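User: Please take a close look at one part of this model, the site that holds the ligand. I am new to this structure and would like a connected account of what surrounds the ligand.

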Amino acid sequence: MMSGLTGEQVTRFGQDGYLVVEDVFSQLADVQPVRDEYCLLLNDWCSRWIAEGKLAESVAALTFEEQLLAVYRAGIDYCQPLDISLPPGTIDADMPLHTGPAIFNLMRSEKLLDCVQSLIGAELTSNPIQHVRIKPPESLVNSTEVRSFITSTDWHQDRATTLAEADETKMVTAWVAITDATELNGCLQVIPGSHREAMQAHCPLPQLGIPDRLLKNRETRPLPVRSGGVVLFHPLTIHGSLSNRSTAIRWSFDLRYNVTGQPTGRPMFPSFVARSRLAPESELRDAQTWKQLWLDTRERLSGGAPVQIHRWNSESEVCA
Ligand SMILES: O=C(O)CCC(=O)C(=O)O
Ligand SMILES: [Fe+2]
């Protein structure tokens with residue numbers, strides 16, 4: 001059964017450039033398997049880090065959240081081992097990434113694809129610009145931390161995180177809340193209606209973002225959403241996230257879908273057909289094949305030139 005968005009929701013997305021949809025996922029069937037998969041994953045990594053003497057043995061007995069914070073406190077970078085994509089720059093042959101069946105199933109969820117289909121049609125490619133963000137409370141974060149996997153995310157448009165070849169691509173970001181996202185723990189925030197403006201100038205450092213002075217006196221809106229809910233937004237919608245002022249972790253995935261056949265904006269990374277009504281047999285349904293696509297990509301890119309994921313230059317005048 002095709003559920004998807006109501007006409008009224010589609011209209012609101014068109015006006016505002018975003019839409020909050022609560023309860024897209026079932027806790028039992030969709031969210032919990034992802035939590036369980038990440039629990040096992042982090043446990044495995046902790047065993048390795050304990051064996052390497054980087055982490056105290058007692059960490060093995062902790063909960064997921066406690067483990068994550070212990071890992072961060074120990075100065076271990078957990079972002080890439082838990083992420084669902086490769087990073088820009090130089091790729092190592094053994095660079096870790098996570099490509100498990102539970103997250104693959106989430107990416108292929110009928111309920112999510114129905115929502116995205118309501119916005120850009122039924123020929124949907126899973127775009128390889130996709131991340132997990134599990135953010136510790138800001139009070140525990142090093143004051144020098146700038147990465148948007150750990151701390152708040154600066155204002156930007158997702159179109160700016162692609163190569164220019166995808167500037168005409170019809171694309172939607174689906175930001176999935178695993179924990180409840182609140183104003184206190186660092187939910188997304190947007191500038192409503194900004195998707196009707198042009199691409200803004202972005203600067204690459206410290207995060208890829210729009211210089212503050214280009215965004216003076218704009219109306220901003222925080223977008224809280226409960227666990228299992230999704231924020232959908234347009235690639236030109238200016239957005240960022242608040243910092244995590246709570247005492248617990250804040251966990252989301254950001255996934256993207258584009259119309260099949262159009263450039264993904266990251267041609268060096270693997271995409272796959274998540275849904276096709278025209279050619280259902282082209283859909284990728286096998287988690288192991290998806291995993292292999294990423295492993296083959298890593299192999300192909302390792303030792304090669306640094307991967308360039310965007311067009312922006314810190315030397316440009318707007319960045320001064
Ligand atoms: O979750 C965040 O902090 C930012 C996510 C983001 O920029 C995105 O989903 O495009
Ligand atoms: Fe973004």
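**The site around ligand 1**

Analyst: A polar atom in the side chain of Arg-256 lies 2.7 Å from an oxygen atom of ligand 1. The protein covers 99% of the 290 Å² of accessible area that ligand 1 has on its own. This is a predicted model, and the distances and areas given here are computed from it.

Two further side chains place an N or O atom by an oxygen atom of the ligand: that of Ser-241 at 2.8 Å, and that of His-156 at 3.1 Å. As for its location, ligand 1 sits in the largest pocket.

In total, 15 residues surround ligand 1, and the closest are Lys-135, Thr-153, Trp-175, Ser-241 and Arg-256. By type, the shell divides into six charged, six polar and three nonpolar residues.

Several strands contribute to this shell. At least two residues each come from β2 (124-135), β3 (171-177), β7 (239-241) and β8 (250-259). The most come from β8, which gives four residues.

Besides its 2.8 Å approach to an oxygen atom of ligand 1, the side chain of Ser-241 is joined to that of Lys-135 by a polar contact of 3.3 Å.

Methods
Residues are numbered from 1 along each chain as its sequence is written. Chains are lettered from A and ligands numbered from 1 in the order in which they are written. This is a predicted model: local features need pLDDT of at least 70, side-chain atom pairs count only at pLDDT 80 or more; totals for chains, interfaces and linings use all residues. Side-chain values use heavy atoms; hydrogens and water are left out. A residue is near a molecule or strand if one of its heavy atoms lies within 4 Å of it. A polar contact is a pair of N or O atoms within 3.5 Å; within protein, one must be able to donate a hydrogen and the other to accept it, and residues adjacent in sequence count only if both atoms are side-chain atoms. Accessible areas come from the Shrake-Rupley method with a 1.4 Å probe; for residues, only the protein chains shown count as cover. On a 1 Å grid over the protein atoms alone, a cavity is a set of points where a 1.4 Å probe fits but cannot get out, and a pocket is an open set with protein on both sides within 12 Å along at least five of seven lines; lining residues have an atom within 4 Å of a point. A molecule sits in a cavity or pocket if more than half of its atoms lie within 2 Å of its grid points. Ala, Val, Leu, Ile, Met, Phe, Trp, Tyr, Cys and Pro count as nonpolar, Asp, Glu, Lys and Arg as charged, and the others, Gly among them, as polar.
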